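Grab a pencil and open the viewer. Here are some exercises to work through, each with a solution that goes step by step.

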Amino acid sequence: LKPLFWDGFYDYCAERPDFLGSYYDPSKRAENSGWVATFGFGKKGVRATAYFVQLDGWVGVDLWFSDVLLFEKLQAIKDEAEAALSPLGGTISWREPGEKTRELLVRFDSDTSPEHWGELYAWLADGLLKMRAVAGMLEK
């Protein structure tokens with residue numbers, strides 16, 4: 001089901017002008033049978049990721065940092081970043097999985113069955129837009 005989910009998500013995003021104003025049109029992407037989809041936005045050292053973890057019943061969005069200094073800069077304004085993400089209603093976590101990468105994740109526990117995909121598409125697209133805005137805080 002993952003390829004069907006991602007195809008639907010990419011098509012959903014391609015119909016949202018706000019998404020296309022922040023990211024590229026994902027509707028022409030190759031088939032994705034994984035549980036993640038990455039989205040670049042032209043900033044070296046950080047990218048956004050969408051998660052669809054059907055087996056465990058959650059979706060999520062993150063900022064994945066390969067530049068540790070950028071992650072530390074964002075941690076310095078943690079309260080502001082979390083305030084921007086809190087409307088998503090998920091669980092916010094700051095993870096340091098390795099010496100070279102860091103992650104700011106919002107996990108949303110949900111029913112991932114196909115009848116709920118429309119709601120999940122909206123949540124993921126909104127979440128990726130919020131992550132883009134949080135990454136923009138690094139420019140200040």
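**Exercise 1.** Which elements do the buried residues of helix 3 pack against?

Before you start: this is a predicted model, in which local features need pLDDT of at least 70 and side-chain atom pairs count only at pLDDT 80 or more, while totals for chains, interfaces and linings use all residues. Residues are numbered from 1 along each chain as its sequence is written, and side-chain values use heavy atoms, with hydrogens and water left out.

*Solution.* Step one: find the helix, residues 68-75. (Helices are DSSP runs of H or I with at least four residues, strands are runs of E with at least two, and both are numbered from the N terminus.) Step two: pick out its buried residues, Leu70, Phe71 and Leu74. (Buried means under 20% relative accessible area, exposed over 50%, partly exposed in between, with a 1.4 Å probe and protein chains only.) Step three: check the directions from the helix axis to the C-beta atoms, which define the arc. The three cover an arc of only 100° around the axis, which puts them on the same side of helix 3. Step four: list the partners, which are strand 2, strand 3 (58-65), helix 4 (78-85), strand 4 (91-95), strand 5 (102-109) and helix 5.

**Exercise 2.** Work out how strand 1 and strand 2 are arranged.

*Solution.* Next, the pairing, which takes at least two DSSP bridges between two strands. Strand 1 and strand 2 (residues 46-53) pair in the antiparallel sense over four bridges, and Val36 stands opposite Tyr51. Last, the turn: the two strands form a hairpin with six residues between them, and Gly42 there has a positive phi of about 80°.

**Exercise 3.** Classify two aromatic pairs, Trp6 with Tyr10 and Tyr23 with Phe41.

*Solution.* You need the cut-offs: rings of Phe, Tyr and Trp (its six-membered ring) pair if their centres lie within 6.5 Å, and planes under 30 degrees apart count as stacked, over 60 as edge-to-face and the rest as tilted. The structure holds 22 such aromatic pairs. For Trp6 and Tyr10, the centres are 6.1 Å apart and the planes at 25°, so the pair is stacked. Both residues are buried.

For Tyr23 and Phe41, the centres are 6.1 Å apart and the planes at 75°, so this pair is edge-to-face. The pair links distant parts of the chain, 18 residues apart: Tyr23 is in the loop between helix 2 (17-20) and strand 1, and Phe41 in the loop between strand 1 and strand 2. Tyr23 is buried at a relative accessible area of 4%, and Phe41 is buried at 13%.

**Exercise 4.** Which ring does the charged end of Arg132 sit over?

*Solution.* The test is NZ of Lys or CZ of Arg within 6 Å of the ring centre and within 35 degrees of the ring normal. Arg132 has its charged end over the ring of Tyr23, 5.8 Å from the centre.

Notes
Contact = heavy atoms within 4.5 Å.
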